Amino acid sequence: MAGRASVFSHPEIIRLLAESFVPVADNCGYTQTQQDAKGEFFRLVAEQGHYGGRTKPTATRQGLYACTVEGELLASINTRDADQVLGTLKAGLDRWRQRPASSSPPDIPKAYSPDPRLNWSYPEGGLALKVTVRDLPRESGEADPRHNIDFAWFTRDEARSLIPADPQPGLSCPAPRFFARRIARCHLIDTVRGQSPRWREEDIEKADVTLIVERVTSGHVHLRLEGEVKNEAAPTFDVNPFSERVVDKPRGVDLRLLGYLRFDRQQEAFESFDAVAVGPRWGATTYNARFDDLGPAPIGFAFEVASDDPIDRVPPAAIGSSYFA
Amino acid sequence: MPDIKTDLTSETPLNPDTFQAFLTHIRSRPDELRWTGIPWETDLWEARLKAAAVNRPMFIWAMNGNPLGCV
């Protein structure tokens with residue numbers, strides 16, 4: 001996520017991408033291996049690029065690629081240095097302009113048969129939350145700017161089930177189990193500095209979330225959300241292939257939740273879902289870059305209704321066969 | 001990296017009075033959202049079709065994890 005700040009906030013890079021390219025964000029954790037036309041196209045491009053053929057320290061093909069729609073690589077790099085990225089973009093554009101003009105447009109099929117392992121879809125009419133995670137101030141006063149984002153999905157039926165059938169002010173109900181467990185297992189994860197696995201079911205020591213009806217009008221139900229989540233897990237002893245060290249340690253979070261939600265009764269949808277989870281985190285995982293900051297130290301998570309913009313419709317990091325379980 | 005400005009301290013408790021300060025601290029600040037000004041496509045195949053239609057090169061930001069989400 002550091003690239004968002006160091007590279008894609010650079011005015012000249014923003015301008016070049018908007019005016020001269022079709023920019024796309026891709027989770028190559030899938031496209032590197034997915035068995036369909038999209039995966040084949042990504043691999044065609046990536047194998048010509050900076051990590052082509054590489055298997056150690058990993059087989060990742062992460063990076064930045066300028067290419068043609070036929071799959072010809074124009075330029076590539078993997079860096080968070082904006083000047084280097086700018087140079088790569090300009091080199092790619094130079095190569096693009098030097099290509100001979102094509103007499104006919106490329107024949108690209110509009111549809112293809114997608115890899116069935118990747119068959120999730122956006123919960124239309126349901127609830128999509130944007131989740132931001134960031135360290136909270138330390139005793140030293142340090143307030144680190146690093147943060148990360150993710151999305152939490154709930155189906156239409158799941159979202160409606162958060163509202164009591166007969167909401168009356170003062171009514172207090174435990175949130176449905178699926179809601180508390182999904183938030184705890186898939187979204188209260190220390191990813192401030194990098195990816196980290198979701199919690200396993202057995203790591204969840206406590207996931208208590210209560211919804212209290214604060215106010216009811218003809219148009220809206222106003223709810224307060226309160227809760228506690230405690231997760232704890234033993235290390236996996238996986239070796240970080242870049243450092244060749246076992247950097248993961250016992251990890252955990254011990255969080256208090258508070259939030260204020262507004263449900264539109266006519267639209268049957270949440271207008272707002274403002275909630276936070278705060279408390280100590282500790283430990284590290286193979287890729288979350290906490291090996292030098294094992295804590296305990298304070299962390300915070302903030303939830304809000306995601307916009308309908310395409311960039312807010314990307315799947316949760318933990319999406320998979322058991323996400324909606 | 002420079003520290004960010006915040007109304008919180010390490011002693012601030014979470015309660016209804018401090019709730020908004022926690023939200024403000026954790027959520028992205030406007031200057032942290034400049035990258036969203038890029039017209040990102042979210043599907044590689046759709047981007048390929050669009051690039052063919054407008055006769056432009058593609059730019060792929062590929063990460064393990066969605067670059068627009070948790071990476």
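Colleague: Where does A:P57 lie in chain A?

Modeller: In this predicted model, A:P57 lies in the loop between helix 4 (37-46) and strand 2. The peptide bond that leads from A:K56 into A:P57 is cis, with omega near 0 degrees.

Colleague: What makes the backbone at A:E244 worth a mention?

Modeller: A:E244 has a positive phi of about 60 degrees although it is not a glycine. You'll find A:E244 in the loop between strand 9 (239-240) and strand 10 (245-246) of chain A.

Colleague: Let's move to the pairs of charges. Why is the contact of A:D274 with B:R27 called a salt bridge?

Modeller: The closest N and O atoms of A:D274 and B:R27 are 2.8 Å apart. The cut-off is within 4 Å for a nitrogen of Lys or Arg and a carboxyl oxygen of Asp or Glu, so the pair counts. Between chain B and chain A the count is 4 salt bridges, and over all chains the structure holds 36.

Colleague: How do you know that A:E72 and A:R95 qualify too?

Modeller: Their N to O distance is 3.6 Å, which is within the 4 Å limit, so this pair is also a salt bridge. The pair links distant parts of the chain, 23 residues apart: A:E72 is in the loop between strand 2 (63-67) and strand 3 (73-77), while A:R95 is in helix 5 (residues 82-98) of chain A.

Colleague: On to rings. Why is the pair A:F8 and B:F59 called edge-to-face?

Modeller: By this rule there are 17 aromatic pairs over all chains. For A:F8 and B:F59 the ring centres are 6.1 Å apart, within the 6.5 Å cut-off, and the planes are at 65 degrees, over the 60 required, so the pair is edge-to-face. The pair crosses between chains, with A:F8 in the loop between helix 1 (2-6) and helix 2 (11-20) of chain A and B:F59 in strand 1 of chain B.

Colleague: Which other strand does strand 8 of chain A join with 14 bridges?

Modeller: Strand 11 (residues 249-264) of chain A, again antiparallel. There A:V221 stands opposite A:F263 in strand 11.

Colleague: Last topic, the interface. How many residues of each chain are in contact, and how much area is buried?

Modeller: 57 residues of chain B are in contact with 87 residues of chain A. The area buried is about 6800 Å², with carbon and sulfur atoms giving 67%. In chain B, the residues that lose the most area are B:I26, B:W45 and B:F59, together 13% of what that side buries.

Colleague: How many residue pairs are in polar contact across the interface?

Modeller: The rule finds 36 of them. On the chain B side, helix 1 (19-26), helix 2 (44-54) and strand 1 (58-63) give two or more residues, and helix 2 has the largest share, 9 residues. By class, that side has 33 nonpolar, 14 polar and 10 charged residues.

Technical notes: Residues numbered from 1 in each chain as written. Chains lettered and ligands numbered in written order. Predicted model: local features only at pLDDT ≥ 70, side-chain atom pairs only at ≥ 80, totals over all residues. Heavy atoms only, no water. Contact = heavy atoms within 4.5 Å. Buried area = accessible area lost by both parts, 1.4 Å probe. Salt bridge = Lys/Arg side-chain N within 4 Å of Asp/Glu carboxyl O. Polar contact = N/O pair within 3.5 Å; in protein donor to acceptor, adjacent residues only side chain to side chain. Helix = DSSP H or I, 4+ residues; strand = E, 2+ residues; numbered from the N terminus. Nonpolar A, V, L, I, M, F, W, Y, C, P; charged D, E, K, R; others polar. Phe/Tyr/Trp six-rings, centres within 6.5 Å; stacked < 30°, edge-to-face > 60°. Pairing = 2+ DSSP bridges.
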